[in-house]
Amino acid sequence: MLTIKNLHAGLEEEDKKILKGVDLEVKAGEVHAIMGPNGSGKSTLSYVLAGRDGYDVTEGSVEMNGSELLDLEPEERAAAGLFLAFQYPVEIPGVGNMTFLRTALNAQRKARGEEELNAADFLRMLREKAKALDISQEMLKRPVNVGFSGGEKKRNEILQMAVLEPKMCILDETDSGLDVDAMKLVAQGVNALRGKDRAFLVITHYQRLLDHIVPDVVHIMAEGRIIKTGGPELALEVEHNGYADILKSVA
Amino acid sequence: MAVPALKLDGAQTLLAAAPEPSGEASWARSVRQAAARRLAERGAPVRRDEYWRYTDPQSLTCQPPVAAAPFENDEAPLFGGADRLKLVFVDGVFSRELSDPVELEGIEIQPLSEALSTDIHWARELFGVLEARGQTPVDRPMAALNTARATEGFAIRVHGRPGKPVNFVYLHEDALSDAMVHNIVRVEAGADFTLLENGPAAARFNKVLEVDVADDGAFHHVRAQGRDHERRAVTGTFARLGARSTFKSFTLTVNGRLTRNECVVEFTGDDGIAHVAGACVGEGDFRHDDTVFVTHDAVNCESRQVFKKVLRSGAMGIFQGKILVKPDAQKTDGYQISQGLLLDDDSQFLAKPELEIYADDVACSHGSTCGAVDETLLFYLRSRGVSRGEAEELLVLAFLDEAIAEIEDPALADDIRARLAAWLARRRR
Ligand SMILES: Nc1ncnc2c1ncn2[C@@H]1O[C@H](COP(=O)(O)OP(=O)(O)OP(=O)(O)O)[C@@H](O)[C@H]1O
Ligand SMILES: [Mg+2]
């Protein structure tokens with residue numbers, strides 16, 4: 001699904017390297033978790049994958065389902081099946097949540113040569129998915145994320161994911177800011193999407209989320225590289241001992 | 001200070017260029033003469049005038065006007081879906097053939113020339129009266145010219161609530177037309193009226209609208225200035241508001257070489273509400289100027305000015321907005337926002353917000369911003385699969401929506417939104 005090879009990236013404006021040789025392979029059907037200290041480059045990796053401006057890729061390659069991801073515009077990556085649930089979802093005053101979702105879905109379908117969904121079918125589908133995430137009609141009518149609480153914004157990200165049905169889903173700290181019940185809803189939302197044609201890369205600081213979304217593989221990222229890879233037990237180790245031991249053992 | 005000869009000569013040229021109306025009642029003649037005198041004494045507008053610093057009036061005053069080819073397009077006319085009394089002008093001349101019969105329950109309506117040939121008391125109290133009041137403290141020479149010379153337009157007196165709005169449709173066919181239209185509207189106590197205006201009107205258009213809203217009356221105005229790339233227009237809206245009355249005016253402008261919209265609002269009764277809003281989108285050789293003056297001379301009135309301009313490829317947007325609060329206008333709530341969204345580095349937005357407050361118990365605020373599309377928002381939309389062009393359109397529409405939201409009737413607001421969205425989408429293709 002996703003193959004990252006020796007990815008080096010830094011800031012365009014300053015001479016700052018952030019990713020220093022990331023290697024990662026996520027196969028279809030798998031859930032991978034990435035943990036790592038603050039500032040280790042997890043969000044940067046997700047932004048570089050999604051195609052955000054401001055980063056320079058100096059080395060390496062990213063392949064998604066056979067196409068060279070880094071050559072594509074952000075919207076082309078989305079149409080190709082990439083989705084990033086943002087660590088900090090932005091508010092977009094004046095753009096209605098529903099308008100936004102429908103525009104996005106139809107833009108992707110059009111880009112893939114599929115037929116656009118009509119308003120009635122879209123609405124039916126959206127209602128159903130919103131209900132599962134406990135997102136009210138009123139929230140759907142509001143401008144994107146405007147006035148949403150932190151947790152509501154995160155749930156709204158998962159709603160977008162559920163509507164767009166991407167192939168490769170990256171979740172950047174979707175669990176932070178969620179209360180216990182919301183975390184369960186989000187996990188259910190993710191688990192409902194799990195399948196043999198879809199893969200997840202879940203960035204998190206807490207083992208707790210991984211109790212609900214059980215990963216196949218856990219990676220530890222530090223200073224712009226994946227320094228250790230293991231099974232779910234690796235997350236437990238981090239939970240109990242922090243990163244100090246792991247950092248020492250690979251130093 | 002002596003008025004420069006350039007301005008005085010300019011005024012004479014303007015007055016000489018348009019024929020003096022004849023055959024009108026004597027009261028109308030004296031109004032015309034007084035207006036001509038105002039213009040002759042204060043002079044034509046020139047670039048050096050304080051309120052013309054950002055907009056060169058030369059192409060509004062030159063003789064003959066600069067040619068402007070009518071813009072052919074296949075769009076369905078705006079407001080076409082609304083039940084309305086449609087009154088059509090072609091190059092500033094009323095066309096009975098293209099219009100609905102001139103009658104509507106709840107209003108008295110007649111062509112301006114008829115109203116000025118008889119002795120209608122309410123018209124006497126309005127024609128040229130609000131325009132003249134609006135000349136202090138800022139000269140509005142093009143409006144004075146209009147009062148002195150315009151023979152086209154309608155006089156409307158509203159009682160109660162007419163079942164539908166009146167829609168002036170201004171068609172443009174002649175590349176050299178130089179048109180003047182003057183409309184007067186008197187909204188009687190407790191009456192409620194909606195006026196729609198749309199169309200490019202003429203190669204050069206000088207329009208005045210005087211609106212007198214009596215106590216508890218309401219006047220809603222939605223206007224779309226036609227899309228002809230070459231047209232030029234100077235318009236003056238003059239409103240006087242009685243107690244507890246409402247005045248809401250919204251203008252959409254897409255393209256046009258030069259547009260100067262002046263709006264002068266005066267609160268004369270307590271507890272009035274006035275919202276003046278504008279949304280404009282222009283590219284290239286496009287200049288759009290909103291010059292607004294709101295005078296609070298009554299207690300507890302609320303005024304809002306909301307102006308948004310989207311500019312690209314060298315387009316220029318100007319906003320000059322003033323709130324004047326007189327000493328006795330306590331509890332005034334005045335708000336003003338003007339914002340420019342620049343889609344490239346070539347465009348410019350200039351704002352001159354002014355507050356002049358002589359009362360002590362007031363809440364007035366103003367803000368002006370100018371910037372590019374927010375890249376963070378753009379990326380968020382694109383990351384969901386929306387193309388850059390479409391994402392920009394969504395953000396442009398969102399930016400303009402604060403002004404469009406000032407339109408009270410949701411159906412009319414949606415009309416404007418749909419029209420804008422279609423224009424933007426067409427641009428992309
Ligand atoms: N636009 C930027 N300007 C300056 N520094 C940046 C920028 N983007 C990232 N960085 C720096 O790069 C490093 C990696 O940041 P990143 O956000 O990827 O970390 P993270 O692993 O997601 O951390 P956290 O767990 O706190 O979310 C940090 O030191 C951060 O300060
Ligand atoms: Mg992060």
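Predicted model: local features only at pLDDT ≥ 70, side-chain atom pairs only at ≥ 80, totals over all residues.

Trainee: Let's begin inside. How many residues does the largest nonpolar core have?

Mentor: That core has 109 residues, and the ones with the most contacts inside it are L2(A) and F250(B).

Trainee: And which helix gives the most to this core?

Mentor: Helix α9 of chain B, residues 388–404, which contributes 9 residues.

Trainee: What else lies apart from it?

Mentor: Another core, of 48 residues, lies apart from it; F94(B), L104(B), I107(B) and V185(B) are among its members.

Trainee: What about M1(A), buried or exposed?

Mentor: M1(A) counts as buried, at 14% relative accessibility. You'll find M1(A) in the segment before β1 of chain A.

Trainee: Which residues does M1(A) touch?

Mentor: With residues up to four places away not counted, the list includes V26(A), A28(A), M64(A), M168(A) and R198(A). A28(A) sits 27 residues from M1(A) along the chain, yet their C-alpha atoms are separated by 5.2 Å.

Trainee: New topic: the ligand. Which residues come nearest to ligand 1?

Mentor: Of the 16 residues around ligand 1, the nearest are G39(A), K42(A), S43(A), T44(A) and H205(A). The shell divides into 4 nonpolar, 8 polar and 4 charged residues.

Trainee: Which helix gives the most to that shell?

Mentor: Helix α1 of chain A, residues 42–50, with 3 residues.

Trainee: And what lies 2.9 Å from an oxygen atom of ligand 1?

Mentor: An N or O atom in the side chain of N38(A). At 3.2 Å from a ligand oxygen there is a backbone N or O atom of S40(A), and a polar side-chain atom of E173(A) also lies 3.2 Å from an oxygen of ligand 1.

Trainee: How much of ligand 1 does the protein bury?

Mentor: Ligand 1 exposes 640 Å² when taken alone, and the protein buries 64% of that.

Trainee: Over to chain B. Where is D212(B) found?

Mentor: D212(B) is in strand β8, which covers residues 204–213 of chain B.

Trainee: Why does D212(B) count as buried?

Mentor: Because its relative accessible area is 6%, and buried means under 20%. The side chain of D212(B) also makes a polar contact of 3.1 Å with the side chain of R186(B).

Trainee: Last one: how many residues of helix α8 in chain B are buried?

Mentor: Helix α8 is mostly covered, with 6 of its 8 residues buried. Those are L377(B), L378(B), F379(B), Y380(B), L381(B) and R382(B).

Trainee: And which residue caps the N-terminal end of α8(B)?

Mentor: D374(B) does: one of its side-chain oxygens lies 2.8 Å from the backbone nitrogen of T376(B).

Notes
Residues numbered from 1 in each chain as written. Chains lettered and ligands numbered in written order. Heavy atoms only, no water. Core = buried A, V, L, I, M, F, W, Y, C linked by side-chain atoms within 4.5 Å. Buried < 20%, exposed > 50% of the residue type's maximum accessible area, 1.4 Å probe, protein only. Helix = DSSP H or I, 4+ residues; strand = E, 2+ residues; numbered from the N terminus. Near = heavy atom within 4 Å. Polar contact = N/O pair within 3.5 Å; in protein donor to acceptor, adjacent residues only side chain to side chain. Areas by Shrake-Rupley, 256 points an atom, 1.4 Å probe, with all protein chains shown as cover. Nonpolar A, V, L, I, M, F, W, Y, C, P; charged D, E, K, R; others polar. Contact = heavy atoms within 4.5 Å.
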